[in-house]
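Please open the structure in the viewer and follow the stops below in order.

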Amino acid sequence: MNDILPIIDCDVHPAPKSPTELLDYLPDRYQGKLAEMLKGWFRMNRGTGVFTGFGALATGMRRDAMPEMGPGGSDPALMEQQLLKDAGVTYAILIPLTVTGMANPEHEAAMCAATNAWLADKWLGEYNKHGRYRGSIMVCPDVPEAAVEEIERWAKHDGFVQVMIPPMARSAYGLPQYFPIFEAAARHGLPVGIHINRTPGMSLLSPVGFVSYYFEFHPQYTLYYFPHVASLVLSGVFARLPDLRFVLVEGGVSWLTPYMWRLDHYWQQFGSEVPWLDRPPSDYIRKQVLVTTQPLERPKETRRLHEYLDWMGSEHMVLFSTDYPHWDYDHPEPTLKRLPSAVRNRFAFENAAHLYGFADLSGSSASPLRPAVVS
Amino acid sequence: MAIRACRLEELPPGSRKILPAGRFGIGVFNRDGDLFALANYCPHDGAPVCLGAITGTTESTGSYNATWLNDGGILRCPWHGWEFDLQTGKSVVSPTKVVRTYPVHVENGWIVVED
């Protein structure tokens, strides 16, 4: 199947080979503190004793994706072999996880800037001779001015195709302080992706307190997306920026269907509270929100998942992802088989090609589709 | 068909070897002198299961208590961490999911796997 179906993998995590590699891109004033923090991140990643979160399997990595040296995702040859050759992925959207939610937003913004410069040099430059990698512009949402600067700096770089923020922000994303970030993204035709990240501290908080187990935490990734989606719709961000697209990465797929039902239900009662919405919330979500597949829900009867996808009106809303090189990686072949055949190619390739501006491989158009996003 | 894996001394206790046999390869394991052979294919998602860690598993001994058991007898898939009993190939959590096992014995100092 992989031989014939082109695949865009919308969730792939490259990593620096060593802390030094990323430190080279940081201004001097951050070297000391961030160096310590980065070393901590590396210790965590290699599983050598310091892990402030939960016991993810093999320090969160696919065991066979750990290179001889350095963390998972840091060896370009291994990634090419396992992802592009063995798994049959055509293009990969890269999301570095060097930037976890940090206590100090200025540091986080500095890490974002360093990561972007590093990604451009290495994974979108030196390691991208084949042209099959695209990157995400990491920004710190809680320093909006710096975030907009980063977007302006990298938007014209061919390799960057989206803006990336973590869900662990200080507030819900519909609040006005974040609007300039989304405005900048929309201005450049860049979707905004949100990717879950594990961090110690408050970001492990659920609405009812702290979770006790990694098992408990992982299925609850979805909880991070509920408030952001409602906030973005109800605050009118989507209404004001109709070309803005939001990609919810690694938070599940099927939950969005009943959530849209609930939002639409209350629109009847509370619509007058948000008069800038001229359509039911689900209309904005269907047009402007996309979700990635991994980790794809697996009901015993696959047709139940298909029903949810059908009720969702998901034709344009779903993007395929593997999460390589992480332990909860979804291999393309068995995963794509679980998706309805009528939309399989859309999910595997077409939706992402459209969203991220890949040339149409069918040959009918050689020009990038960006920023002519789905209308 | 009988496959000669290697000489017994080439597979000391605690080691493993992946044979280029069958469709996916066959992993041969030596656990403290006991030999096991399993298909290198995870029934969950097709991962090369024999590259996984050899470990143990837990069993509940009452609320909030658990004991570690079968240390060295559990093969944990390198992708999603499913646990399989090295001897039976059965998944610890869902025993209906089974990694194919092969009979294995020693003959004139050779480890022989029956495919």
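Begin by selecting helix 5 (residues 144-154) and helix 6 (residues 179-187) of chain A; in this predicted model, the two pack at an angle of about 10°, with axes 8 Å apart. Angles under 35 degrees count as roughly parallel, so helix 5 of chain A is roughly parallel to helix 6 of chain A.

Next, display the side chains where these helices meet. Helix 5 of chain A contributes A:Pro144, A:Ala147, A:Val148, A:Ile151 and A:Glu152, while helix 6 of chain A contributes A:Pro180, A:Ile181, A:Ala184 and A:Ala185. By class, this contact has eight nonpolar residues, one charged residue and no polar ones.

Now turn to the strands of chain A. Eight of them form an open sheet in the order 1-2-3-4-5-8-9-10, with parallel pairing. At its edges are strand 1 (8-12) and strand 10 (318-319) of chain A, each of which pairs on one side only. Within the sheet, select strand 8 (residues 246-249) and strand 9 (residues 289-292) of chain A: these run parallel and are joined by three bridges. Here A:Leu248 is placed opposite A:Val291 of strand 9 of chain A.

Which of its residues are buried? They are A:Tyr225, A:His228, A:Val229, A:Leu232, A:Val233 and A:Leu234. Among the elements that cover these buried residues are strand 8 and strand 9 of chain A, along with helix 10 (256-270) and helix 11 (281-288) of chain A. Finish just after helix 8 of chain A, at A:Gly236, where phi is positive, about 85°.

Notes. Residues are numbered from 1 along each chain as its sequence is written. Chains are lettered from A and ligands numbered from 1 in the order in which they are written. This is a predicted model: local features need pLDDT of at least 70, side-chain atom pairs count only at pLDDT 80 or more; totals for chains, interfaces and linings use all residues. Axes are lines fitted to C-alpha atoms, for helices over the stretch in contact, and angles run from 0 to 180 degrees between N-to-C directions. Helices (H or I, at least four residues) and strands (E, at least two) are DSSP runs, numbered from the N terminus. Angles under 35 degrees count as roughly parallel, over 145 as roughly antiparallel, 65 to 115 as roughly perpendicular and the rest as oblique. Two residues are in contact if their C-beta atoms, placed from the backbone, lie within 7 Å. Ala, Val, Leu, Ile, Met, Phe, Trp, Tyr, Cys and Pro count as nonpolar, Asp, Glu, Lys and Arg as charged, and the others, Gly among them, as polar. Two strands pair if DSSP finds at least two bridges between them. A residue is buried if 20 or more other C-beta atoms lie within 10 Å of its own, exposed if 12 or fewer, and partly exposed in between; C-beta atoms are placed from the backbone.
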